[in-house]
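Colleague: I have just been handed this one and have not looked at it before. Can you walk me through it?

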Amino acid sequence: MGSSFRAFLNSPVGPKTTHFWGPVANWGFVAAGLADMKKPPEMISGNMTAVMCVYSALFMRFAWMVKPRNYLLLACHASNEAVQLCQLSRWAKGNGYLSEKKGEASSK
């Protein structure tokens with residue numbers, strides 16, 4: 001076993017800790033969000049997507065503030081934030097929240 005691998009294995013954020021396995025499990029949120037991109041906007045829950053955005057934003061801050069810094073968790077939640085914001089915009093467009101109203105468009 002190489003010394004760099006042994007150092008990673010025994011590090012405070014290595015695979016023997018929750019600092020490693022928590023983010024690995026959270027990549028499932030990103031994968032699920034990406035898989036949902038193929039679904040029609042009517043299938044998206046606006047409430048749940050908004051909650052996922054808040055959740056990922058809070059955990060990005062946690063990942064940055066925790067000692068030792070957890071870059072794997074930060075990357076996971078930054079990716080999930082991007083996916084969920086995209087889903088939220090799809091939901092908003094699908095429900096007419098981001099389109100111009102006919103009266104506003106004709107008055108311009």
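Modeller: Start with helix packing: the buried residues of α4 pack against α2 and α3. Keep in mind that this is a predicted model.

Colleague: Which residues of α4 are buried?

Modeller: They are L73, C76, H77, N80, E81, V83, Q84, Q87, R90 and A92.

Colleague: How far apart are the end C-alpha atoms of helix α4?

Modeller: They are 34 Å apart. Helix α4 covers residues 71-94, and at 1.5 Å a residue its 24 residues should span 34 Å, so the two values agree.

Colleague: What caps the N-terminal end of α4?

Modeller: N70 does, with a side-chain oxygen 3.4 Å from the backbone nitrogen of L72. Past the other end, α4 is followed by G96, which has a positive phi near 80 degrees.

Colleague: Zooming out, how many helices and strands does the protein chain have?

Modeller: Five helices and zero strands. Along the sequence the pattern reads α-α-α-α-α.

Colleague: And what is its radius of gyration?

Modeller: The protein chain has 19 Å, whereas a compact globule of 108 residues would be near 13 Å. The C-alpha atoms fill a box of roughly 70 × 25 × 20 Å along the principal axes.

Colleague: What share of the residues is buried?

Modeller: Buried residues are 26% of the 108 in the protein chain. As for contacts between residues at least 6 apart in sequence, 65% of them join residues at least 24 apart.

Colleague: Changing topic, how many aromatic pairs are there?

Modeller: Seven, counting rings whose centres lie within 6.5 Å. One of them is F20 with W21: the centres are 4.8 Å apart and the planes are at 90 degrees, so this pair is edge-to-face.

Colleague: Is F20 buried or exposed?

Modeller: F20 counts as buried, because its relative accessibility is 17% and the cut-off is under 20%. W21, at 48%, counts as partly exposed.

Colleague: Which other pair is edge-to-face?

Modeller: F29 and Y55, for instance, with ring centres 5.7 Å apart and planes at 80 degrees. F29 lies in helix α2 (residues 18-35) and Y55 in helix α3 (residues 46-65), so the pair ties together parts 26 residues apart in sequence. Both count as partly exposed, F29 at 34% relative accessibility and Y55 at 24%.

Colleague: Which residues do ring pairs link into a cluster?

Modeller: F29, Y55, F59 and F62.

Colleague: Last one: what lies over the face of W64?

Modeller: That is R69, at 3.7 Å from the ring centre.

Notes. Residues numbered from 1 in each chain as written. Heavy atoms only, no water. Phe/Tyr/Trp six-rings, centres within 6.5 Å; stacked < 30°, edge-to-face > 60°. Buried < 20%, exposed > 50% of the residue type's maximum accessible area, 1.4 Å probe, protein only. Helix = DSSP H or I, 4+ residues; strand = E, 2+ residues; numbered from the N terminus. Lys NZ or Arg CZ within 6 Å of the ring centre and 35° of its normal. Expected span 1.5 Å × (residues − 1). Contact = heavy atoms within 4.5 Å. Polar contact = N/O pair within 3.5 Å; in protein donor to acceptor, adjacent residues only side chain to side chain. Rg over C-alpha atoms; globule rule 2.2 N^0.38 Å.
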